[in-house]
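Have the viewer open as you read.

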Amino acid sequence: MKSSLRITKAGAIYTIITIFIGISAVNTGNNLLYVAVSFLLSFMWLSGVFARLNLRGIELSLFPPRECYARKKALLKVNLRKKGFFPSFLLTLRIGLLNAEKKLYISAKIPFLKGKKEFFLEFLPEKRGEASIFEVEISSTFPASFFRRFVIKGEDVRFLVFPEPRACKKPEDSIKKKGEELSERGEGVSEFQGLSDFQAGTPKKLISWKAFAKWEELKRKVFSEEESPSLIIDLERLPQKGLEEKLSCATYLVLKACEEGKAFGIKIKDKFIPPGQGEAQKLRVLSFLAKYEGSL
């Protein structure tokens, strides 16, 4: 952590006036001018003391979004805490993010801070891949706007930006259905199989509300394979042109399958993630798509 000081336009005018009155006091020997200079210097010193107290004891925690998509607005969670008796005033928070080797800055004004404060900052990542928060700057012009004092913290908070989801159709030759052999022969009927433990991301239509009313615990309804077949998305067989377009389509298909409660997997050349369900599987597949740097 390092701190710095920068003079404002008002501060520059104040300093020039103080110097001018000081020179006049020396040349004229006027005691009244000496008193005026003393008052101006004392006020400058006091403003410096209060400016230091204003930025002292501030603790900051940053929490990147769990799911972040390229060219989609995302929210960065910020937790601020001011320790000590003296509160902070007129703070400006500036956060530097690095995405696809491009720097992006987001900022927020905080008029008053005492105790804990939690809020969200909106930002728009441009490309998929790894992103990071590399710098946090807290500044203030309190108390007299003559000087802006900075506290700069080096950060290393990393997170992934998933590909932009773009709506696309599901071509039959790009998605393999685990239960399609049974359905071709006309065998098997969509049947209720039982209940399983609730998982985050389970669609509402698959939640057993009767079980919740009976046991006060969320349960997931499990059906036969024919209703929710496993989907394996073969990236090479998607009709879109270009790698990024295919990744965007695959991201959309993954989110759609997760929303519908289907098991899904991904295949890119010799790399394969077997089908699975739930939030953990979704994040695993999307992370794989975000980091993919090969060719097709």
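Let's start with strands E2 and E3, which pair antiparallel over six bridges. Strands here (E, at least two residues) and helices (H or I, at least four residues) are DSSP runs, numbered from the N terminus, and two strands pair if DSSP finds at least two bridges between them. Within this pair, glutamate 59 has arginine 81 of E3 as its bridge partner.

Before going on, a word on the source: this is a predicted model, where local features need pLDDT of at least 70, side-chain atom pairs count only at pLDDT 80 or more, and totals for chains, interfaces and linings use all residues. Residues are numbered from 1 along each chain as its sequence is written, and side-chain values use heavy atoms, with hydrogens and water left out.

**The two sheets**

E2 and E3 belong to an open, antiparallel sheet of three strands, ordered E2-E3-E6. Its edge strands are E2 and E6, each pairing on one side only. From one strand to the next, the twist averages 20 degrees.

There is also an open sheet of five strands, again antiparallel, in the order E1-E8-E7-E4-E5. Which strands stand at its edges? They are E1 and E5, each with a single partner strand, so one side of each has no neighbour in the sheet. On average, neighbouring strands of this sheet are turned by 25 degrees against each other, ignoring direction.

E8 (residues 147-161) is joined to E1 (residues 2-7) by six bridges and to E7 (residues 129-140) by eleven, running antiparallel to E1 and to E7. Here are some residues that face each other across these strands:

| Residue | Opposite residue in E8 |
|---|---|
| Arginine 6 | Arginine 148 |

Is lysine 153 buried or exposed? With a relative accessibility of 16%, lysine 153 counts as buried; the cut-offs are under 20% relative accessible area for buried and over 50% for exposed, with partly exposed in between (1.4 Å probe, protein chains only). Lysine 153 sits 93 residues from leucine 60 in sequence, yet their C-alpha atoms are 9.7 Å apart.

**The cores**

A nonpolar core is a set of buried Ala, Val, Leu, Ile, Met, Phe, Trp, Tyr and Cys residues joined through side-chain atoms within 4.5 Å. The largest one has 29 residues, and Val78, Leu93, Ile95 and Ile133 touch the most other members. Strands E2, E3, E4, E5, E6, E7 and E8 each give two or more residues to this core. A second, separate core has 26 residues, among them Leu247, Phe264, Phe288 and Leu289.

Back to isoleucine 133: beyond its neighbours within four places in sequence, its contacts (heavy atoms within 4.5 Å) include Leu62, Leu76, Ile95, Val157 and Phe159.

**A helix pair**

Helices H5 (residues 243-259) and H6 (residues 278-291) pack at about 180 degrees, with axes 11 Å apart. Axes are lines fitted to C-alpha atoms, for helices over the stretch in contact, and angles run from 0 to 180 degrees between N-to-C directions. H5 and H6 are therefore roughly antiparallel, a label for angles over 145 degrees. Residues making the contact include Leu247, Val254 and Leu255 of H5, and Val285, Leu286 and Leu289 of H6.

Methods. Parallel < 35°, antiparallel > 145°, perpendicular 65-115°, else oblique.
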